[in-house]
Amino acid sequence: MKTQRIGQFTIDRVVETEGAFSGVDFVLPNADMARVQEQADWLMPRFVNAEHQLMMSFHSFVLRTPQHNFLIDTCVGNHKERPLRASWHHQQFAYMEALAQVGLRPDQIDFVCCTHLHADHVGWNTELRNGAWVPTFPKARYVFSQTEYSHWEAEHRQALAQGRPAPNHGSFADSVLPVVDAGQALMVEGGHDFEPGVRLEPAHGHTPGSCVLHARSQGDHAVFTGDILHTPVQLLDLSWSSRFCHDPKAASAVRHQLVHEIADTATLLMAAHFPSPVAGRIVSHAQGLRWHSGTH
Ligand SMILES: [Zn+2]
C-alpha cells in the first residue's frame, strides 16, 4: 500500500503476512457460495481464490499526525505459544523490519491502539526479552476498551480457575497483561478523543468491546475498522458475520451502520485483513456494494 494522505495525516501499512486463509464457508458460515460465484468478476481471484479460500492479510496501520504516531492493531507477533494454530505458533515474522521500512523505531510510537483483543490484533504489543514478555513500544500508551479488557480478563480468570485452555490462544496473558503490569495501558470507556480529528468509537459485536478509530483532517476521513468486515465478500450480504464474531447479530448491525454511512463517499476504509493494496472505498453498483481499492 502506498502512503495514504488524510489532510495533514498520513497512513502506512506494516505487513506481517498475507495470502490464502481458510475457506469462505469456514470464515463466513452463512455465506451463499452461489452468490459469491455470481460476482466472481470482481471477487475472484483477488479476494477469493480458485479453491474458495479467502485472500487475507495481517497488518498494522501507522497513522501519523503532526502530533502523534499511532500504531493500529498489532497482528500475531513473534515467538508466541499458539499450538492450536500452526501459522501463528513460534513465528519469526519480519514485522519490525517492515516498521523500520515506513521510517519508525519502536520508541517513536506514541499510541498503540487495539481495535479488539483477539490474538491477531495484540501480538506485537509485547516481545520476548530474557524469557519475559515486555512491551515492544517503550514509550507508547496502549489503548484498550475497558469493556473489552474486562470481558477477556473475566474469561482468562475463569479458564485458569477451571483448568481450561486460556482464551484467545493465551494472548491475553502474553500480549495484554504485561502491558497493564508495566503501567502502559490506557483504558477507555465509550468514545475517546486523542487529539482533534482522531477519535476512537465503540462498535461492539465482533467482540464485546470492539472499537473503530476515525481519522479526520482538512475534510478527509479514514476509518480503521478492525474486524467489522473481514473481507469484501461481506459486502454481498452485510448479515454474513464471521465465525469469530462474539455476537453475530450485533456485528451485523454495526457493519450495516458503518457501511451505509461511508458507501459512495470519499471515506477510506482501512480494514485489518483486506488484501493488498488494502486502502479503498465502498461503492454502489447495479448488482450491489463493491470494494474499490486504490485512490480515485
Ligand atoms: Zn482479526
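Reply: Just after α5, Gly-163 takes a positive phi of about 70°. The model is predicted: local features need pLDDT of at least 70, side-chain atom pairs count only at pLDDT 80 or more, and totals for chains, interfaces and linings use all residues. Residue numbers start from 1 along each chain as its sequence is written.

Next, the faces. Glu-148, Tyr-149 and Trp-152 of α5 are buried (20 or more other C-beta atoms within 10 Å of the residue's own; exposed is 12 or fewer, partly exposed in between; C-beta atoms are placed from the backbone). Seen down the axis, these buried residues fall within an arc of 90°, so they line one face of α5; the arc is that of the directions from the helix axis to the C-beta atoms. An α-helix has 3.6 residues a turn, so residues three or four places apart point the same way. The face turned away from the buried side carries the exposed Ala-154, Arg-157, Gln-158, Ala-161 and Gln-162.

Last, the surroundings. The cover over the buried residues of α5 includes β8 (141-145), α6 (171-181) and β9 (185-188); contact means C-beta atoms, placed from the backbone, within 7 Å. α5 lies across β8 and β9, at about 80° to β8 (axes are lines fitted to C-alpha atoms, for helices over the stretch in contact; angles run from 0 to 180 degrees between N-to-C directions).

Methods: Helices (H or I, at least four residues) and strands (E, at least two) are DSSP runs, numbered from the N terminus. Two residues are in contact if their C-beta atoms, placed from the backbone, lie within 7 Å.
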